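I opened this notebook to record what I looked up in the structure. The entries follow below.

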Amino acid sequence: MQKITKDQLVEKTVALLSDGTVSAVLGWSRGEFDYDITPAVFKTAEDLKENFVWNDFCGANFSKYLVAQTGKVEGKILVFLKPCDTYSFNQLLTEHRFDREKVYAVGIPCEGMADIAKVKEIVGDGIVSIEADGENLKVSTLYEDAPALVNAKDVMAERCVNCKSKKHVAYDELMGDDGEVIESNRFDEVARLEAMTPDERFAFWQNELSRCIRCNACRDACPACTCEKCVFDNPASSVENKAPANSFEEKMFHIIRAFHVAGRCTDCGECSRVCPQNIPLHLLNRKFIKDINEFYGEYQAGAEVGSRAPLVDYTTEDLEPGEVFDRGDKDA
Amino acid sequence: MQVKEYKPLIVAFCCNWCSYAGADLAGNNRLSYPADVKIIRVPCSCRVNPMFILRAFQRGADGVIICGCHPGDCHYTSGNYYTRRRMAALFSMLDFLGIEKERTRVEWVSAAEGAKFAATMNEFAETVASLGENKRLEDLRCKR
Amino acid sequence: MQRVGVFVCWCGSNIAGTVDVAAVAEALKNEPGVVFSTDYQYMCSQAGQDIIKNAIAEHNLTGIVVCSCSPRMHEATFRKTAAAAGLNPYMVEIANIREQCSWVHKDMLTGTEKAIILGKAAVAKVNLNTPLTPGESPVTKRALVIGGGIAGIQTALDIADAGFPVDIVEKQPTIGGKMAQLDKTFPTLDCAACILTPKMVDVAQNEKIRIFSYSEVEEVGGFVGNFDVKIKKKARFVKEDICTGCGACVEKCPMKKNPNEFNLGMDNRPAIYIPFAQAVPKVATIDPNACNMLKNGKCGLCARICAAGAIDYTQKDEIIEEKYGAIVVATGFNPISMEKFDEFAYNQSKDVITSLEFERLTNAAGPSAGKLIRPSDGKHPHTIVFVQCVGSRCDACAEKGKEYCSKICCMYTAKHAMLTRDKYPDTEVYVFYIDVRTPGKNFDEFYRRAVEEFGVKYIKGMVGKVTPEGDKLKVQASDLLSNKQLHIDADLVVLAAAIEPDKSARPLATMLTASMDTNDFFTEAHPKLRPVESPTAGVFLSGACQGPKDIPETVSQAGAAASKVIGLLAKDKLTGNPCIASSNELMCNGCSSCERVCPYGAITYVDKEFRMPDRTTKIRRVASVNPAVCQGCGACTVACPSGAMDLKGFANSQIIAEVDAICK
């Protein structure tokens with residue numbers, strides 16, 4: 001259950017639209033289902049009042065949309081940023097991907113978003129509607145007469161359970177109270193995999209990645225993947241998109257994608273949120289973040305604008321690639 | 001079907017200024033190493049894109065080694081420092097995915113270290129041979 | 001499709017001994033694009049080169065592969081051959097089948113098999129080669145030297161001597177730098193002024209040299225051969241071209257109590273001043289923070305007194321824009337601040353001084369006219385303690401000292417101690433040291449003379465604490481060799497303060513995109529082979545801005561930097577290496593990753609308008625590589641996620657083609 005209400009957001013937005021502070025609003029609207037919330041650009045108060053949505057499924061990180069949208073509107077565009085979104089926002093600013101002057105950023109608090117896969121695990125398929133009801137979600141399905149009550153905490157997305165920060169690192173205006181950076185356990189799963197034998201790890205990833213259908217949703221949603229043209233779409237790159245042919249075909253794509261965002265990924269978790277196959281893609285990014293923290297010192301991409309990403313930096317004392325593997329032995 | 005004897009295929013990326021010259025020196029001194037090692041010349045070890053490494057594995061290479069100037073001696077002052085960070089991160093990731101970490105390596109070989117070049121290649125080829133064929137990062141469709 | 005010719009060299013029996021060259025030539029015939037393939041005993045011979053030239057003409061070859069020795073050996077030869085036959089020299093690829101094949105493999109079968117694969121890789125690459133032309137850029141035949149100490153002076157003189165105009169930018173009102181403040185120089189003990197001031201006069205009189213004193217570099221644009229520099233000439237409120245340097249104004253100025261920078265604040269100077277008698281340019285400067293006329297509009301005495309009419313209270317800072325072909329950094333050093341070294345009581349007692357202050361005290365033109373006195377009471381000191389390595393070689397005290405050895409302190413301290421004993425035999429002189437480091441011509445002999453002939457007491461150990469008590473300084477120290485604690489009642493304590501790069505160096509490095517180490521010393525392009533060049537093309541290093549140096553080293557480095565500058569300015573055009581990075585604007589995100597890894601500052605960003613698919617236009621920030629500055633390392637190509645940045649001659653597609661050919 002979100003502390004801030006839809007009405008508050010709409011009221012604020014309508015006010016900013018009508019006094020001319022902003023000329024468009026990047027917000028959430030309903031998709032096919034109640035839990036299928038999609039980003040939308042609103043330009044009128046009427047549209048906002050009718051179609052704006054704010055609920056536990058408003059996970060989409062809007063930062064990336066600014067790259068395209070800031071060029072399309074006259075004047076400023078309002079964007080709602082949850083704490084984790086603000087890191088992506090800063091990272092994109094660091095990379096000069098949009099004009100800060102064209103954005104009016106409204107920071108909003110977030111109590112954690114729901115993961116529809118977890119809801120389905122509890123209530124099964126055939127969901128027709130989901131409503132917030134206090135601490136619970138009221139879920140109606142095709143097959144049951146009475147709606148099921150599910151505690152929002154029980155179906156919170158992994159990235160929200162392991163939320164790294166409730167603090168907004170960028171905004172023009174903040175609604176509600178700002179939070180703090182959180183000591184999360186987000187690297188536990190990476191550490192669990194690291195403790196496995198290579199064969200077990202291979203089996204784990206074989207199982208996960210073999211489900212990949214190369215829909216590119218992870219790339220398309222990722223706020224670090226804003227390339228004008230992706231290497232995997234470029235016939236001249238020699239590694240362009242190909243239809244998967246064997247069970248482990250997509251490894252290259254996922255490794256290269258993770259490498260391309262390494263040091264720039266803010267760990268917003270959009271890749272895993274949008275994956276239709278529920279592949280835990282964020283673990284690849286977290287592995288890079290964990291390694292970078294351990295090798296080169298703590299670094300949070302997007303914590304401040306203009307910081308130098310670790311892979312475009314160096315010190316003369318860095319550890320050798322071979323030493324990467326010795327560390328574990330030393331600890332043991 | 002004819003069963004071919006397994007011989008590892010190793011791709012070695014060598015920087016033009018130090019390691020490629022080191023390989024030449026190994027030749028000048030007639031220091032032998034397995035013919036399975038095939039060298040690709042790059043201006044600097046920092047030119048090696050992870051894509052090249054994965055492509056080599058995808059196409060059936062059994063080991064990939066990157067050789068550059070010793071840290072501090074880079075012809076371009078800082079190129080190999082970037083190599084060091086990139087490859088540390090990449091190799092750690094490959095290991096995380098369960099690809100045998102012995103298949104990837106970075107070695108610093110100067111133009112004077114012909115003997116080190118040969119010794120490194122002998123040792124690396126032996127290590128890779130003992131692992132057997134690379135199956136984990138192979139893309140059947142890419143192989144001809 | 002290329003038309004590729006393959007030429008397999010026997011190299012006598014060097015290659016043909018373990019590689020079946022005919023089989024290689026035959027096998028490569030079937031590779032894509034290959035229209036001609038042959039072998040010959042010595043491809044690099046005149047006859048061999050003729051075979052290549054004839055084949056290019058006869059078969060209309062667009063690319064050639066020579067399977068031969070290392071490209072480090074004959075790539076240049078075969079490129080010339082191709083060029084002579086009208087083929088672009090960068091359409092040549094070498095397969096190294098000697099050093100990396102025939103010489104390291106023993107049997108014919110293996111050697112031949114590998115040679116064929118290496119040949120295939122070269123063919124695969126040459127199929128993707130494109131003709132490359134080295135870029136050319138003109139050279140502005142004028143050099144800029146930043147810093148007018150002995151390093152800058154020597155560099156400027158040497159460049160001017162070769163006939164090129166040089167400008168010196170010096171932030172102080174006079175050139176001369178630290179050397180002008182010194183008394184005598186080790187190990188010859190000739191007086192600093194006697195050897196420096198004639199050089200300063202040479203600079204002033206050399207018509208090829210312009211001095212911008214009391215000036216700072218404000219902005220640097222452009223690149224090697226074509227730098228655009230903005231120099232801020234600070235208002236000195238005196239017309240430089242009119243002032244005769246007579247000094248009448250200095251004498252009459254009523255605002256006399258301002259700390260004299262040249263004497264490190266040990267005496268005072270008027271608001272209008274000439275730093276020292278031999279200053280160049282010898283013109284007065286008004287200190288705006290001290291002058292009553294400039295502060296309150298009252299006085300105007302100097303203007304009334306000046307016979308030449310040189311005083312101008314309305315003078316403003318002036319910006320001078322000039323073009324240069326080369327820039328020499330000679331920003332020098334400063335002793336570090338002693339503020340944080342409480343243990344030596346530098347802040348508590350006037351009689352604890354730094355070595356540079358000691359130089360001024362013993363200098364005939366100094367505050368005490370060369371008489372060695374205690375600054376506190378003017379009395380003659382009898383016991384003097386010199387402390388070495390104050391803030392140098394200091395691992396644990398990073399917040400106040402430096403990790404490195406300042407290099408010059410051992411020698412100047414020996415000089416100070418020796419001169420003191422020579423002039424005042426009644427003094428007792430102690431030197432506390434960690435090590436005495438005297439590598440250099442006649443250096444160790446000099447140090448031993450101080451000990452053996454002049455009776456300076458060298459004690460291995462550090463001073464732990466200096467406590468002012470009455471008119472004495474209680475010095476507590478340890479003698480490591482006899483393992484004893486020492487207590488000395490000293491009259492004067494002299495601290496050999498570590499030296500650090502001038503504070504102006506860091507912002508200057510940013511302007512020049514020249515790299516620095518963690519101590520703010522400029523980094524050289526190669527520590528052994530290119531010690532006076534910065535990695536940024538066209539920027540050269542002279543003197544202590546690159547690392548601690550004594551005068552002879554500084555002068556020789558200054559000359560070396562000058563010779564590099566002369567070599568550059570002597571060229572009419574700069575020809576670049578065509579194998580450089582270039583960015584595909586359509587794919588570039590403008591994210592700055594490439595810029596951050598470029599060791600040469602070759603990448604800048606421009607806003608460019610693009611037509612979008614929906615017929616609108618969009619302005620995007622895109623990278624642009626300066627071909628005159630890029631050295632072709634390729635660091636940027638891997639930092640670039642979209643692959644917009646690629647390296648000519650070693651393109652992504654070319655390397656992948658080689659990988660594919662090898663891994664077939």
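How many bridges join β24(C) and strand β25 of chain C, and in which sense do the two pair? I found that β24(C) and β25 (residues 472–479) pair in the antiparallel sense over six bridges. Two strands count as paired if DSSP finds at least two bridges between them; strands (E, at least two residues) and helices (H or I, at least four) are DSSP runs, numbered from the N terminus.

I note that this is a predicted model, in which local features need pLDDT of at least 70, side-chain atom pairs count only at pLDDT 80 or more, and totals for chains, interfaces and linings use all residues. Residues are numbered from 1 along each chain as its sequence is written, while chains are lettered from A and ligands numbered from 1 in the order in which they are written.

I then looked up the sheet. It is open, with three strands in the order β24-β25-β26 (chain C) and antiparallel pairing. β24 (463–469) and β26 (484–490) of chain C stand at the edges, each with a single partner strand, so one side of each has no neighbour in the sheet.

Next I turned to C:R98, which lies in helix α5 (residues 98–102) of chain C. Is C:R98 buried or exposed? C:R98 is buried, because 26 other C-beta atoms lie within 10 Å (buried means 20 or more such atoms within 10 Å, exposed 12 or fewer, partly exposed in between, with C-beta atoms placed from the backbone). The C-alpha atoms of C:R98 and C:S70, 28 residues apart along the chain, are separated by 6.8 Å.
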